[in-house]
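Here is a short walk through one protein structure. Keep the sequence and the model in view as you read.

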Amino acid sequence: MDLAVRVIEPTTRHTHTVVIPTRPCSENYTLIEAFPSFRWVFPQSLLRDCIAIPGNKWSQWFDIWDTRDFSKREDVQAEGLRESVASIRRIILTEIASLGGRSDRIILAGISQGAATAVHTLLNLDLPQPPVLNNTDTQQQQDALGHLAAFLGFSCRMPFPGRPLAEVRRILSIEGAPQGDEDGVLRHTPMLLEHCKDDMTVPITSGRVLRDTLRGYGIDVAWREYFDGGHWFHSPLGIDDAIAFIKARVLDIPPGNAYVGTLKPEVRPENDVDMDIL
């Protein structure tokens, strides 16, 4: 099923695209305005039946049996995830084609359930053969194109956490997805995860499980924790950190120029990545 998509076009020459599965009207314009050459694509979630409350439909990427305990009736999540991931994959492939086959100029991101869906999209993403840029490229340079520019997840958890990669892929069994433990896209796609400690919707413990599961798959995960901010970005530090990450890891701006935040140890004592040295 094709999803409705909201698009914010770049105000300068198009260089990158950010795909963010979201609910309507949840865009963050501070982040958007920081990158005028980026195209922002917001797939919109569908109205889906809520199995726990018969007769009700909610705007959601996949259904959940119990929002207080995500481990209950996990199987309920699979159908919606399967449909949503397949739809978002098609959008990503379209955006890659619009950038001349350059998957390394696509950022996949998400907030809350949209981020959880984006995680499974990344895990099930098989990219087209990258273009040959010129005859002098080394094989290493060519191999490095077979990934996304970055992944950004905010207030995020992972449906079906803690399982081997091959098992997680079998749960959704998406046609055309990578097989088994194939991890080329994952190992070469840098990731930033941000979570607030006072998030009452997705507890930070779920975010830490996501972090550890993805690191177990070989993904390069930068993790940021914040004392407060609830189920959203921390303001302003969360946005500052996201901007810094994109500048450093996607645009290769030297570290001295990339960092725009004020990462104070007393604000985020459990951070394990110093954004100044990315």
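**Cysteines, cores and a loop**

The structure holds zero disulfides. The model is a predicted one. A disulfide is a covalent bond between the sulfur atoms of two cysteines. Cys156 has a relative accessible area of 2%, so it counts as buried. Cys196 is buried too, at 1% relative accessibility.

Turn next to the nonpolar interior. In soluble globular proteins, nonpolar side chains tend to be buried together. Here the largest nonpolar core has 34 residues. Leu108, Leu123, Leu214 and Tyr217 touch the most other members. H3 gives the largest share, five residues.

Which residues is Tyr217 in contact with, leaving aside its neighbours within four places in sequence? They are Leu123, Met158, Arg163, Pro164, Leu165, Val168, Asp183 and Leu186.

Now move to a loop. Thr11 sits between strand S1 (5-8) and strand S2 (16-19). Is Thr11 buried or exposed? Its relative accessible area is 67%, and exposed means over 50%, so Thr11 is exposed. In sequence, Thr11 and Pro36 are 25 residues apart. In space, their C-alpha atoms are 5.3 Å apart.

Technical notes
Residues numbered from 1 in each chain as written. Predicted model: local features only at pLDDT ≥ 70, side-chain atom pairs only at ≥ 80, totals over all residues. Heavy atoms only, no water. Disulfide = S-S within 2.5 Å. Buried < 20%, exposed > 50% of the residue type's maximum accessible area, 1.4 Å probe, protein only. Core = buried A, V, L, I, M, F, W, Y, C linked by side-chain atoms within 4.5 Å. Helix = DSSP H or I, 4+ residues; strand = E, 2+ residues; numbered from the N terminus. Contact = heavy atoms within 4.5 Å.
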